[in-house]
Amino acid sequence: MFHYFWPHCCFHLIRMFPMDNRRKARGLVWFLSLITIIPQIVVIFLPRSGRCPEPLVELLLGSIILTFFSLGFTVLFTVMEPVPFKIKIIFHAFGGVDLIYTLVHSSYAIIAYDCKENSAEIYWMSFVLMLLYFLSIGWILATMPFWIYNARHFNTIFDQEAREGLCYPAYRACSCVWHI
C-alpha cells in the first residue's frame, strides 16, 4: 500500500503550502519520489538477485511498475488544482490493486527466509518494502473509520467549508490524514 500512500501524502503535503509558493515543495517531493525507485532498480540488476527460489525478482519488478504509477499520481496530485473526480476514482482503484499486490508480496517475503543466504540484497529489499507496506496499511486502517463515518453521516466528523466537526481541530494541525 506504500504506492498508494505516498501520492496521498504528497497531495496533502503540497496543499500545506500557499498556492504561489509551492514550486520548491514540488521539486523536493518529486526528487524524493524518484529516490524511491533507485534502490529497487539497483537490486533487480544485481547478479545474485536471480538465485532466490521464491519469486522475489518478479515481485520486485511488479513493485517497480507500481512505483512508476505512483510517481505519475504524485506528479498529477502536486500539479493539478483541483484534482478531477475521474483521476480520484482511478487512483482509488489503483489503491485496490496495490492492496492485492501488497498482500501477495508480503506473503512471499515472509516465507522467503531461504533467500537470505544466497541472495541477501533482494531478500532485504523485499523485507523493507514489506515493512513500508505494513506501515501504510496501519495508517489506512487507523483513518478508515473516520472516513466511513464521515461518508455515512455527512460532515459530522469533518466539514471543511463550515470549519467545524469533531476532527476539524486535528485537521488544522495535520491535514494529511484526510483523503483526496
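**Close-up views of a predicted model**

**View 1. Contact of helix 1 with helix 5.** In this predicted model, F2, H3, Y4, P7 and H8 of helix 1 meet F91, H92, F94, G95, D98 and Y101 of helix 5. Sorted by type, the residues of this contact are six nonpolar, four polar and one charged. Two packed helices are described by the angle between their axes and the distance between the axes. Here helix 1 covers residues 2-15 and helix 5 covers residues 85-111. Their axes come within 8 Å and cross at roughly 145°.

**View 2. The whole chain, for orientation.** How many helices and strands does the protein have? There are eight helices and zero strands. Read from the N terminus on, the order of elements is α-α-α-α-α-α-α-α. The protein has 180 residues, and 41% of them count as buried. Among contacts with a separation of 6 or more, 71% come from residues 24 or more positions apart.

**View 3. S70 in helix 4.** S70 sits in helix 4, which spans residues 56-79. Is S70 buried or exposed? S70 counts as buried because its relative accessible area is 4%, and the cut-off for buried is under 20%. The side chain of S70 reaches the backbone oxygen of H3 at a distance of 3.0 Å. Not counting residues up to four places away in sequence, S70 touches H3, W6, P7 and F94. Of these residues, H3 and P7 also belong to the helix 1 side of the contact in View 1, and F94 belongs to the helix 5 side.

**View 4. T74 in helix 4.** T74 is another residue of helix 4. With a relative accessible area of 0%, T74 is buried. Which residues does T74 touch, not counting those up to four places away in sequence? They are W6, P7, C10, V29, W30 and S33. T74 and F11 are 63 residues apart along the chain, yet their C-alpha atoms are separated by 7.1 Å.

**View 5. T78 in helix 4.** T78 also lies in helix 4. T78 counts as buried, at 0% relative accessibility. Leaving aside neighbours within four places in sequence, T78 is in contact with C10, I14, R15, R26, V29 and W30. Among these, C10, V29 and W30 are touched by T74 as well.

**View 6. The peptide bond between E81 and P82.** Most residues other than glycine have a negative phi, and most peptide bonds are trans. The bond that joins E81 and P82 is cis, with omega at about -5°. P82 lies in the loop between helix 4 and helix 5.

**View 7. V97 in helix 5.** V97 is placed in helix 5. Its relative accessibility is 49%, so V97 counts as partly exposed; a residue counts as exposed over 50%. V97 and Y4 are 93 residues apart in sequence, and their C-alpha atoms are 9.4 Å apart in space.

**View 8. M130 in helix 7.** M130 is found in helix 7. M130 is buried, with a relative accessible area of 5%. What is M130 in contact with, leaving aside its neighbours within four places in sequence? The contacts are with S106, A109 and I110. M130 and S107 are 23 residues apart along the chain, and 9.0 Å separates their C-alpha atoms.

**View 9. The second largest pocket.** The space in the second largest pocket is about 190 Å³. It is lined by 15 residues, and those closest to its centre are F2, T36, Q40, L129 and L132. Which helices each supply at least two residues of the lining? They are helix 1, helix 3 (38-44), helix 4 and helix 7 (120-152). By type, the lining holds eight nonpolar residues, seven polar and no charged.

Conventions
Residues numbered from 1 in each chain as written. Predicted model: local features only at pLDDT ≥ 70, side-chain atom pairs only at ≥ 80, totals over all residues. Heavy atoms only, no water. Axes fitted to C-alpha atoms, helices over the stretch in contact; angles between N-to-C directions. Helix = DSSP H or I, 4+ residues; strand = E, 2+ residues; numbered from the N terminus. Contact = heavy atoms within 4.5 Å. Nonpolar A, V, L, I, M, F, W, Y, C, P; charged D, E, K, R; others polar. Buried < 20%, exposed > 50% of the residue type's maximum accessible area, 1.4 Å probe, protein only. Polar contact = N/O pair within 3.5 Å; in protein donor to acceptor, adjacent residues only side chain to side chain. 1 Å grid on protein atoms, 1.4 Å probe; cavity = no way out; pocket = protein on both sides within 12 Å on 5 of 7 lines; lining within 4 Å. Points joined across faces, edges and corners; volume = space filled by probe spheres on them.
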